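Me: I'd like to learn how to read a few features off a model. Can you walk me through them?

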Amino acid sequence: MTATELDVHDRVCMARALRLAERGRYSTAPNPRVGCVLVRGGEVVGEGWHERAGGPHAEIVALAAAGTAARGATAYVSLEPCCHRGRTGPCTEALIEAGVARVIYGADDPNPRVAGEGAARLRAAGIDVAGGLLAAQSERLNAGFIMRMRHGRPRVTLKTASSLDGATAMASGESRWITGEAARRDVQRLRAASGAILTGIGTVLADDPRLTVRGEEFGAEPRQPSRIVLDSRLRTPAGAKVLAGAGALLVHAPAATRPQGLPATAECVAVPGGPAGLDLGAVLALLAEREINDVLVEAGPELCGALLAAGLVDELVIYLAPHIMGSETRRQFVTPAWSRLAERGEVDVIDVRQFGPDLRITARPLGRTRAATDTET
């Protein structure tokens with residue numbers, strides 16, 4: 001049985017599993033977001049979703065809800081069931097023991113400990129298995145997890161806010177607030193869905209941000225992403241707001257030493273130097289080693305420009321406010337290597353929507369510049 005042989009009912013059930021998986025957007029990291037629906041005789045007998053790492057997986061929750069009704073049922077799982085023992089047991093064994101007759105899953109699990117072995121284990125037990133149903137939707141939901149597993153780095157989303165003429169601050173540094181309240185609430189959703197927020201020492205010294213998740217929709221004590229500060233010379237003040245509480249990481253050059261007075265919860269880690277002060281690829285590899293799937297960049301124009309020029313940005317989220325700030329301003333990106341029109345970076349705009357008076361443009365860099373395809377005349 002293949003995904004092309006499945007019918008409309010199968011697609012409806014998988015879509016339901018994906019909607020369940022979506023509920024874990026703000027809580028499952030570093031695990032993937034997964035939903036499961038159990039159907040027997042055309043009726044849903046159990047369903048569930050993976051809420052948080054260390055807790056039961058979606059299949060286990062659905063099987064518990066179904067009880068004995070799971071025997072002979074079809075399991076619709078948005079990601080290939082796991083077959084290894086981590087903080088919880090293998091879902092393949094639970095499905096086999098429950099006596100399900102069919103397993104239909106969305107995307108293949110890119111984790112090398114699974115990577116097709118989950119489906120193989122189910123087939124070996126005599127279960128009818130089909131994969132690839134609505135796989136693209138499942139992969140989009142777990143883009144950061146897939147990036148980390150396949151490429152050894154987190155998925156990077158770069159967020160900026162500017163006026164219509166591309167200004168992010170006045171020349172004096174004044175920038176609060178360029179965008180309105182609705183756009184700022186949306187930024188909180190980006191933060192809540194990320195494993196880490198990345199910024200530079202310039203932003204810390206200029207703005208003293210907290211970089212935390214705030215808002216009633218995330219609960220009284222929302223899961224807080226790690227706060228990563230690129231600070232090659234370790235100049236972050238001991239009283240900086242970004243250091244408050246657990247989860248702050250200062251990434252510095254090898255020659256820098258930890259200054260006195262930093263909170264004990266603030267961690268300092270060295271990476272090699274690079275053109276942007278630090279080797280940005282090494283920084284992302286470090287975060288991947290710490291099981292961070294998604295990184296949200298909220299930084300100044302130098303760091304944003306360096307990441308963009310290095311091809312390390314997977315998605316741009318640009319909030320545009322309906323005003324003109326004029327010439328005495330700072331821009332979104334510093335890219336000194338781009339000196340000709342032919343060197344401009346191309347992007348694919350995938351979404352435009354409005355939040356209050358502001359526009360949010362979501363785009364993906366195409367990974368090349370115009371210079372690769374244009375001929376100067």
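Predicted model: local features only at pLDDT ≥ 70, side-chain atom pairs only at ≥ 80, totals over all residues.

Me: Is V349 buried, partly exposed or exposed, and how do I tell which?

Reply: Go by relative accessible area: buried is under 20%, exposed is over 50%, and partly exposed is in between. V349 has 47%, so it is partly exposed. V349 also belongs to a nonpolar patch on the surface, together with V347, V352 and L359. Those residues have about 300 Å² of accessible area together. Strand β15 (residues 345-355) gives the largest share of the patch, 3 residues.

Me: Which residues form the positive surface patch?

Reply: Here the charges to look for are Lys and Arg, which count as positive. The patch is formed by R176, R210, R214 and K241. Take R176: it sits in the loop between β7 (167-170) and α7 (181-192). Its relative accessible area is 54%, so R176 counts as exposed.

Me: What about backbone angles, where should I look?

Reply: The general idea is that most residues other than glycine have a negative phi, and most peptide bonds are trans. So look for departures from that pattern. L134 has a positive phi, near 55 degrees, and is found in the loop between β5 (128-130) and α5 (135-141). L211 has a positive phi too, about 60 degrees, in the loop between α8 (201-207) and β9 (226-230).

Me: Are L134 and L211 buried or exposed?

Reply: Use the cut-off again, under 20% for buried. L134 is at 16% relative accessibility, so it counts as buried. L211 is at 3%, so it counts as buried as well.

Me: Now zoom out: how does the radius of gyration of the chain agree with a compact globule?

Reply: Compare the value with what the chain length would give. For 377 residues, a compact globule would be near 21 Å; the chain has 23 Å, which agrees. The C-alpha trace spans about 70 × 55 × 40 Å along its principal axes. There are 10 helices and 16 strands, and 50% of the 377 residues count as buried.

Note on methods. Residues numbered from 1 in each chain as written. Heavy atoms only, no water. Patch = residues over 30% accessible without salt bridge, like charges linked within 9 Å, V, L, I, M, F, W, Y side chains within 5 Å. Areas by Shrake-Rupley, 256 points an atom, 1.4 Å probe, with all protein chains shown as cover. Salt bridge = Lys/Arg side-chain N within 4 Å of Asp/Glu carboxyl O. Charge placed at Lys NZ, Arg CZ, Asp CG, Glu CD. Helix = DSSP H or I, 4+ residues; strand = E, 2+ residues; numbered from the N terminus. Buried < 20%, exposed > 50% of the residue type's maximum accessible area, 1.4 Å probe, protein only. Rg over C-alpha atoms; globule rule 2.2 N^0.38 Å.
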